[in-house]
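Trainee: Could we go through this one together, residue by residue?
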Amino acid sequence: MNLLLILVGLFLLTFIGLIIGIVLLIIRKEKWAGIIVAGLSIGIGFYILLAGLNLATINLLQNFSNESTFSDFGSSSDYYDDEYTDDYTNVKYGETATMEDESLITINKPKVSREEADYDIYEVKVKVENPSTDDINFSSEDVYIYDQADDDYGDEITEKAFSGTIKPGETKEVTIFFKVYNFGPYDVEYDNYNWTE
């Protein structure tokens, strides 16, 4: 890097020399002195420019050939591989799962609510119970429908989504609507649980 700065400085000096040569040639009318100074400045500047370009090219090639420069970028291979398995606990539709906050979540199998030309709308019924002595928070937007065939998630389109606090001893039942574009089979995910057939 220091060599590159020196080359840039020398190139600027040769540019100044070129200006002086032009001044000598045109303004001072010293023909030979102006030609010599301008010619030398152009020649030296050309070689300095070539040296700088070569140095920059060498640095670029070294960066490309250095595996460590790019190996860390997006290197999820340390964490994910072909044998990666998710951390979801599988639960059958209609069964209840106990969350870390002691809430009880029951999710029923998705059912077709409406069929359209390019997509279907599925409804998912979710029951949230709070048997604990503390308030719990629940948001229907944290429930996802997953299309196993397409390896994609459906779009949640619930008009009256629920997001709020459920008091101790309270039970909340919500129906969530999803727009899906394939025929499934579908899983429903919430927190670290995956409801499936």
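Predicted model: local features only at pLDDT ≥ 70, side-chain atom pairs only at ≥ 80, totals over all residues.

Trainee: Is F11 buried, partly exposed or exposed?
Mentor: Buried means under 20% relative accessible area and exposed over 50%, with partly exposed in between (1.4 Å probe, protein chains only). F11 has a relative accessible area of 34%, so F11 is partly exposed.

Trainee: Which residues is F11 in contact with, leaving aside neighbours within four places in sequence?
Mentor: Contact means heavy atoms within 4.5 Å. The C-alpha atoms of F11 and G52 are separated by 9.3 Å, though 41 residues apart along the chain. The contacts of F11 are G45, I48 and L49.

Trainee: How does N90 count, buried or exposed?
Mentor: The relative accessibility of N90 is 56%. That is why N90 counts as exposed.

Trainee: What separates the C-alpha atoms of N90 and W195?
Mentor: Along the chain, N90 and W195 are 105 residues apart. The separation of their C-alpha atoms is 5.9 Å.

Trainee: Which residues have the most contacts inside the largest nonpolar core?
Mentor: A nonpolar core is a set of buried Ala, Val, Leu, Ile, Met, Phe, Trp, Tyr and Cys residues joined through side-chain atoms within 4.5 Å. The largest has 25 residues, and those with the most contacts inside it are I105, I107, V126, F138 and W195.

Key. Residues numbered from 1 in each chain as written. Heavy atoms only, no water.
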